Amino acid sequence: LKDEYSFVEGKNVLVTGCTSGIGYALAKELAPLKPACFFIACRSKASGEKLSEELISLGAVSTEIVIGDFSSKAGVQSLISDVEATGKPLQVLVANAGVWLAGKTEKVTTDDGFEFHFQTNFLSATQLVTGLMPLLEKSAPSRVSITGAYGVMDEALGPTLGKFDFDNIQGVKAATTEGSNF
C-alpha cells in the first residue's frame, strides 16, 4: 500500500465513519503511512479516543477527534467547525460515513425532515465536502474521496431493485412491491 498511497505521508487526513466497518479498515491501513494528523470523525468522544490510541500505535503522528453526526445538518456543521478550529490544513478527505436500517419496515426521517438514509449517506457527505472545500483548496494539493452504498438507496427508496426513482428521492411515495422497506 505504501507506494500507491504515498500522498498520505506527512499530510492531514480526515475519514468519516472510521470507528467501524470500511472506514475503520481504511483508518488502520492509512495510519502506518504516517499521516501528520489523522482527524477521527465520529459521533462520540469515547469511540474516537479508543481509535486514536490504535492509530497512534500503528504509526499516525497525531490525531484529532472531531465530533459530528451525519444524520443532521447541525451535526455535520459541528464537524466542519471542529476541523476548522484546529487551524490545521486538510489534504485528504474521505467521506465514508453511512448507515443502513435493514430491520426497519417503515420510513424513518431525520429531525431535518429528510429520509434517514438519504440524509446520512448522501446529503451529509455533500455538506461536508462543500463546507470543507475552502480549507481543502487552501491546503492544496488535496484529495477528496466519497464512498457510498448506492445499492442501499435502491433498496431503501426504489420499489424495483437497481432502478433509482428520482421522482421519489426521499421515499415519500408508497412502495408497492413486496420486500421494499417502506
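My entries follow, beginning with the overall layout and ending with a few single residues.

**Entry 1, layout.** I noted before anything else that I am reading a predicted model. I looked up the elements and found five helices and five strands, which run β-α-β-α-β-α-β-α-β-α when I start from the N terminus. I then checked burial, and buried residues make up 38% of the 182 residues in the protein. Turning to contacts with a separation of 6 or more, I found that 68% of them are accounted for by residues 24 or more positions apart.

Which residues have the most contacts inside the largest nonpolar core? I found that this core has 20 residues, and that Leu14, Leu79, Val83, Leu90, Leu93, Leu128 and Leu132 have the most contacts inside it. I next asked where its residues come from, and at least two are supplied by each of β2 (37-42), α3 (73-85), β4 (92-95) and α4 (116-138). The most is given by α4, with six residues. I wrote beside this that nonpolar side chains tend to be buried together in soluble globular proteins.

How do α3 and α4 pack, and at what angle? I read an angle of about 30 degrees, with the axes 10 Å apart. Angles under 35 degrees count as roughly parallel, and therefore α3 and α4 are roughly parallel to each other. I also recorded that the crossing of α3 and α4 is right-handed.

I listed the residues that make this contact: α3 brings Lys73, Val76, Gln77, Leu79, Ile80, Val83 and Glu84, while α4 brings Gln119, Ser124, Gln127, Leu128, Gly131, Leu132 and Leu135. When I sorted the residues of the contact of α3 with α4 by kind, they divided into seven nonpolar, five polar and two charged.

Is Ser71 buried or exposed? I found Ser71 in the loop between β3 (63-67) and α3, and its relative accessible area is 16%. Buried means under 20%, so Ser71 is buried. Leaving aside neighbours within four places in sequence, I saw that Ser71 is in contact with Thr110, Asp112, Phe116, Gln119 and Thr120.

I then moved to Gly113, which is found in the loop between β4 and α4 and is partly exposed, with a relative accessible area of 45%. I looked up the separation of Gly113 and Ser72, and they are 41 residues apart in sequence but 9.4 Å apart in space, C-alpha to C-alpha.

Lys34 has a positive phi of about 60 degrees although it is not a glycine. I placed Lys34 in the loop between α1 (21-30) and β2, and at 43% relative accessibility Lys34 counts as partly exposed.

Finally, I checked the peptide bond from Ala140 to Pro141, which is cis, with omega near 5 degrees. Pro141 has its place in the loop between α4 and β5 (143-146).

Notes
Residues numbered from 1 in each chain as written. Predicted model: local features only at pLDDT ≥ 70, side-chain atom pairs only at ≥ 80, totals over all residues. Heavy atoms only, no water. Core = buried A, V, L, I, M, F, W, Y, C linked by side-chain atoms within 4.5 Å. Buried < 20%, exposed > 50% of the residue type's maximum accessible area, 1.4 Å probe, protein only. Helix = DSSP H or I, 4+ residues; strand = E, 2+ residues; numbered from the N terminus. Axes fitted to C-alpha atoms, helices over the stretch in contact; angles between N-to-C directions. Parallel < 35°, antiparallel > 145°, perpendicular 65-115°, else oblique. Left-handed = near helix turned anticlockwise from the far one by under 90°. Contact = heavy atoms within 4.5 Å. Nonpolar A, V, L, I, M, F, W, Y, C, P; charged D, E, K, R; others polar.
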